[in-house]
Amino acid sequence: MVQQVSQTVIYPDSDGQPMAENTQQFQWIVVIKENLEILFANRPDVFVAGDLLWYPVEGDNKTRQAPDAMVAIGRPKGHRGSYRQWEEDNIAPQVVFEILSPGNRLAEMNRKFKFYERYGVEEYYIYDPERLDLAGWLHRDGELAMIEEMSGWVSPRLQISFEFPSTGLELYYPDGRRFLTSVELHQQAEAAQQQAEAAQQQAQAAQRQAEAAQRQAEAAQRQAQESEQLARRAEEELAAEKVRSQRLAEQLKRLGIDPDSQV
């Protein structure tokens, strides 16, 4: 009797290929991936990854791709060694980005295109930062159909917009903010912090001025009160002096002395 031994399929977390071939390609991958993370930071059901192996078929560890950036809507955030679709409610990443490098070959890009088309990617975008070339495809009727005009295009799934001036690709959030590098984000955060600190200092200075004005007003009020009291005392003393003068005049008259006489 021959005993059958079941074999466990191993799904490697790495294909041995570098994430990027140059700094420009790496920067674009990071910019897209990190800004998509920011875009969906408050959505627990959106998973964003960069250079993560995607296995679409259970039991097949040869059929795989590692998109430069991908978005799986309907899947929870969290760390993964790879994206095994059968463990993800069989949800394929809906949006994929690839950043070209000089080492990319036509045959390789064709294989990637067929893979993404076959396994259900809804939106596929390719950008070549050296040649300033941008292309996009949308899944229609079982295939990826090219988007005729990418400048001004709005992703149906992500709602981000693509602009393509002469300087190259620019991506924008739904609210109009541009995708920024980590350095630009840091500079923006620093500028905001400095503005907040300046505003706080201005508020503190205004508070000090208000307190000084309050003290001046209180001092002026005290002075007015003191002046009023002095004036009241003077009036009282004058009235008392009149009373004394009247009494003296009356006493003189009783003695037969005319108080108004000049002698």
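In what order do the six strands of the open sheet come? They run β1-β3-β5-β6-β7-β8, and the pairing is mixed. This is a predicted model, where local features need pLDDT of at least 70 and side-chain atom pairs count only at pLDDT 80 or more, while totals for chains, interfaces and linings use all residues. Residues are numbered from 1 along each chain as its sequence is written, and side-chain values use heavy atoms, with hydrogens and water left out.

**View 1. The open sheet and its edges.** Six strands make up this open sheet. β1 (46-49) and β8 (143-146) each have a single partner strand, so one side of each has no neighbour in the sheet. From one strand to the next, the twist averages 15°. Strands are DSSP runs of E with at least two residues, helices are runs of H or I with at least four, and both are numbered from the N terminus. Two strands pair if DSSP finds at least two bridges between them.

View 2. β1 and β3 (residues 69-73) run antiparallel and are joined by four bridges. Look for A49, whose bridge partner in β3 is M70.

**View 3. Two helices on the sheet.** Helix α1 (residues 23-39) packs on the sheet and touches β1, β3, β5 (95-99) and β6 (123-128); contact here means heavy atoms within 4.5 Å. The direction of α1 makes about 160° with that of β5. Helix α2 (residues 106-118) lies across β5, β6, β7 (133-140) and β8, at about 160° to β6. Axes are lines fitted to C-alpha atoms, for helices over the stretch in contact, and angles run from 0 to 180 degrees between N-to-C directions.

**View 4. The largest pocket.** This one holds about 530 Å³ of space. It has 24 lining residues, and D15, Q17, Q65, E108 and K112 are the closest to its centre. Helix α2 gives the largest share of the lining, four residues. By class, the lining has eight nonpolar, six polar and 10 charged residues. A pocket is an open set of points on a 1 Å grid over the protein atoms alone, where a 1.4 Å probe fits, with protein on both sides within 12 Å along at least five of seven lines; lining residues have an atom within 4 Å of a point. Grid points are joined across faces, edges and corners, and the volume is the space filled by probe spheres set on the points.

**View 5. The second largest pocket.** Here the space is about 330 Å³. Of its 16 lining residues, L100, N104, M109, D128 and R131 lie nearest the centre. At least two residues come from each of α2, β6 and β7.

Definitions and conventions. Nonpolar A, V, L, I, M, F, W, Y, C, P; charged D, E, K, R; others polar.
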